[in-house]
Amino acid sequence: MSVLTRDEAQTRAQILDVERYTIALDLTTGEKTFDSRTAIRFTARAAGDTFVEVKPATLRSISLDGQPLDPALLDGNRYPLTALAAGPHELHIDAAMHYSRTGEGMHRFTDPTDGETYLYTQLFMEDVQRVFAAFDQPDLKSVFAIDVTAPEGWTVLGNGVAEHTGEGRWTIAATPLVSTYLVAVAAGPWHSVTTEHAGLPFGIHCRRSLAPYLDADADEILDITRACYDRYHEKFDEPYPFDSYDQAFVPEFNAGAMENPGLVTFRDEFVYRSAVTDTERQTRAMVIAHEMAHMWFGDLVTLTWWDDIWLNESFAEYMGYQTLTEATLPRTSHTARAGQTLFPDTWVDFGVARKGWGYDADQRPSTHPVAPDPDAVPDTASALLNFDGISYAKGASALRQLVAWLGEKDFLAGINTHFARHKFANATLADFIDNLASATDRDVHAWAEQWLRTTGIDTLTAETGAPEPAEPSPNGAAQSWSLAVTRDGSRPHRITVGAYDHALGTQAGGPGHLALRDRFELDVPGDGTPTIRPGSRPALVVLNDGDLTYAKVRLDTASWGTVLTSLSGIPDALTRAVVWNTARDMVRDAELLPATYLATARTHLPHETDLALVQGVLSFAAGQVVDRYTAPADRPAALATLTDLCRDLIRRTEDGSNPGLRLIAVRHFIDAATQPDTLRSWIDEDTVHGGPELDPELRWRILTRLAVLGATDEAAIAAALDADPSATGREGAARCRAALPTPEAKAAAWAALFTDDTVSNYLFTATAQGFWQPGQEELLGSYVPRFYPEAAALAARRGPAIAEAAGRYAFPAYAVDPESLDIGVRALEDPDLIPALRRKLVDQLDDLRRALAVRTAPATTD
């Protein structure tokens, strides 16, 4: 199959205007394929040659202007259109297309709970070609009119309002001008909850087996949707550009969600079968807000080429978090927050859960500018690699810094100019910057060069002291203090600095409380002279207080000492997030011992009130500090610290006062347990002592840990699957079976991963998650060298989605040793690695180098 190059796309865009697609899909032809008939009306501006893309199971016929063409001329995914005459044309293609099991194209899923089948499209980048023939590039926007034939009893959803015309036939209202990758269809016996808002039909949909869980949260989901819709209409001058707003929660979805106009698709894990925390509900709300922002930025105005995909995602990421802090739920809402801001602390979650994603990506060899040079994205395969922490988290951080520097009023004025000038069309980064510049006297072009065209992270380091000469007060104390900030990097930063003193008394049962004395803005770099502030030197000075820029922070020595004793006493959660990120970065940079990070968590998390912070710190402590950065000999002690910390949190919540915190602590206690007795008692009694009762998620989590410990067997896993035969139950069973510490279990899991090409994307991921386990080194050692050639062959057979899953989840991350690193480095010499797998391996091997450096760092790093 050929990937589309930027040059080819530019050439084709100069030749063609595409006016309309008329598409007929027949979903009743069997379990393997469906029928796709496409008529494309287009105009050639000049005579010449071009091509149309399609990836059929069988190309039955193709004709141009009523004249049949030879189907045998299809070359991979391209059909040549040679000697086109200038003027209007109509192309007809009739094909049978494969259903997908990898989440690409038209994905087909049969629910094991009730046997019902569901279909949905994911057409991003190049996957529209798996569903219908197209001139597949984002700047050839067109109108799409789709008819669908589906089994009786099914509902069909699309980008516009869908009408059932009888006998399983559905007509979806024609779209305005949109790009090929944004077309969407979903079909199946959906359970739907519908309403109307602002004169438009709104709906949420899921498979029938999830109906009780969707119904339980329907008011919350729809209230959030309405509140975000209203807030965007306060921010944006352009009205919502489509005729309806449906949100479908679909099975085995590879991404978090996809911004199809009028039909946003979400992974259906967002329909919660089990207990979740308020932070997880906030995450779902953020994704709703993120995807709705795309209706304007991405759908109404679309990138010209994939080098600007960052702008779609960065804008939606920024707007998603910011809108949740501003939008208020209607007072008629059924939720507890009626009349209140949706989620006022969303930037804390961004700081602790998303920002590290950007920092990590930006320190790897695969780093790239937020806005890469167009020559760095020569084709669609390379573009696919840029869906990473840089395009999302770093880009959103850059936009947040831009708003802090520019002011929100001018930022929104520029955005609205952008929408007005390019609606239902395409735009470039240059267009975006020009439109922002039209709203301000500031040099936005220079800002963009410094922030968007460069790579890496700046580090801002604080040095505090007394001015020279110090001016003593009558009691001998200095009357002022100085702050010097050094920058390792090249970007300008507008930051807030927070100065904190020890407060009288302490928090109840907790470390010393700190009080904000002073908060002031600072431009870095400044004029080179230290900033002088009144009063004695504070106990703690925090750079980037408020987290408005994107930079690593290093505290002065005295401030770091205060952190170790009083971190949980910092009054603002966002400031605590900045400090926890500092500690995280120091561990990764081998400047802070992993054991010190764990000890700090042990001291302060029992007094933390923000659930996003607790979850973020525990996740890093468990997944990185304990499992990767701690040497095997020290791992038992690290696990003991982690389980003791979780016990503290569980004890703190015995009165039922904070079920979200208790749930986080129970989950992490399960994952860190080194002995099976407590977990077995919870399973036997079907409850955690003192609550909560076990739900499906907790049962499978416990059983997975028992499998890792060798404290369960196939019979128990089969019994659990009989009790929960759902899709998530199948995934839980696959994870457990792969985690069992027996040669037979590992061999069976390996075969499922690398030889069974019928395994779906989700079952593949679950099996991979169970396979590699710290503590099973002797059992797993022989699989490390096997991984690289077998993953390469798998990726070549099954394509980018499975390649990405193999690189992310099936990589032997537990094997932190020089030999494993050497094997991986040699594997990169294979010239045939597909780009998606090569990129994941490069990143994983760099993380492995970092883990080795942390493990061998001298004990004096603290």
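Mentor: The discussion below sets values from this structure against the definitions of the terms used. The model is predicted, so local features need pLDDT of at least 70 and side-chain atom pairs count only at pLDDT 80 or more, while totals for chains, interfaces and linings use all residues. Residues are numbered from 1 along each chain as its sequence is written, and side-chain values use heavy atoms, with hydrogens and water left out.

Trainee: What makes up the secondary structure of the protein?

Mentor: The protein has 27 helices and 28 strands. Helices (H or I, at least four residues) and strands (E, at least two) are DSSP runs, numbered from the N terminus.

Trainee: Why is the protein called as compact as a globular protein of its length?

Mentor: The radius of gyration, taken over C-alpha atoms, is compared with the globule rule, which is 2.2 Å times the number of residues to the power 0.38. For 862 residues the rule gives 29 Å, and the protein has 28 Å, which is close, so the protein is as compact as a globular protein of that length. Along the principal axes, the C-alpha atoms fill a box of roughly 95 × 70 × 60 Å.

Trainee: How many of the residues count as buried, and what does the term require?

Mentor: Buried means under 20% relative accessible area, exposed means over 50%, and partly exposed is in between (1.4 Å probe, protein chains only). Of the 862 residues, 59% count as buried.

Trainee: Why is valine 784 called buried?

Mentor: The relative accessible area of valine 784 is 5%, so valine 784 is buried. This residue is found in helix α24 (residues 783-798). Contact means heavy atoms within 4.5 Å. Leaving aside residues up to four places away in sequence, valine 784 touches Trp772, Pro812, Tyr814, Ala815, Ser820 and Ile823.

Trainee: Why is helix α7 described as largely enclosed?

Mentor: In helix α7 (residues 390-406), 16 of the 17 residues are buried, so the rest of the structure largely encloses this helix. After α7 comes glycine 407, with a positive phi near 95°.

Trainee: What makes phenylalanine 236 and phenylalanine 419 an aromatic pair, and why is the pair called edge-to-face?

Mentor: Rings of Phe, Tyr and Trp (its six-membered ring) pair if their centres lie within 6.5 Å; planes under 30 degrees apart count as stacked, over 60 as edge-to-face and the rest as tilted. Here the centres are 5.1 Å apart and the planes are at 85°, so the pair is edge-to-face. Phenylalanine 236 lies in the loop between α2 (211-235) and β17 (245-250), and phenylalanine 419 lies in helix α8 (residues 408-422), so the pair ties together parts that are 183 residues apart in sequence. Both phenylalanine 236 and phenylalanine 419 are buried. The two rings belong to a cluster linked by ring pairs, whose members include Tyr232, Tyr240, Trp296 and Phe432.

Trainee: How do you know that tryptophan 347 and phenylalanine 350 are also edge-to-face?

Mentor: Tryptophan 347 and phenylalanine 350 have ring centres 5.1 Å apart and planes at 80°, which makes the pair edge-to-face. Both lie in helix α5 (residues 346-362), 3 residues apart, about one turn of the helix. Tryptophan 347 and phenylalanine 350 are both buried. The structure holds 51 aromatic pairs.

Trainee: Why is the charged end of arginine 78 said to sit over the ring of phenylalanine 51?

Mentor: A charge sits over a ring if NZ of Lys or CZ of Arg is within 6 Å of the ring centre and within 35 degrees of the ring normal. The charged end of arginine 78 is 4.2 Å from the centre of the ring of phenylalanine 51. Lysine 746 lies over the face of phenylalanine 771, at 5.1 Å from the ring centre.

Trainee: How do you know that β22 and strand β23 pair?

Mentor: Two strands pair if DSSP finds at least two bridges between them. β22 and strand β23 (residues 480-488) have 7 bridges, in the antiparallel sense. Among the bridge partners, threonine 464 faces leucine 483 in β23. With strand β28 (residues 552-554), β22 has 3 bridges and runs parallel. In strand β22 (residues 459-465), 5 of the 7 residues are buried, so the rest of the structure largely encloses this strand.

Trainee: What makes β15 and β18 edge strands?

Mentor: An open sheet of mixed pairing has 5 strands in the order β15-β16-β17-β19-β18. β15 (191-197) and β18 (257-258) each have a single partner strand, so one side of each is left without a neighbour in the sheet. β15 pairs with strand β16 (residues 200-206) in the antiparallel sense over 7 bridges.
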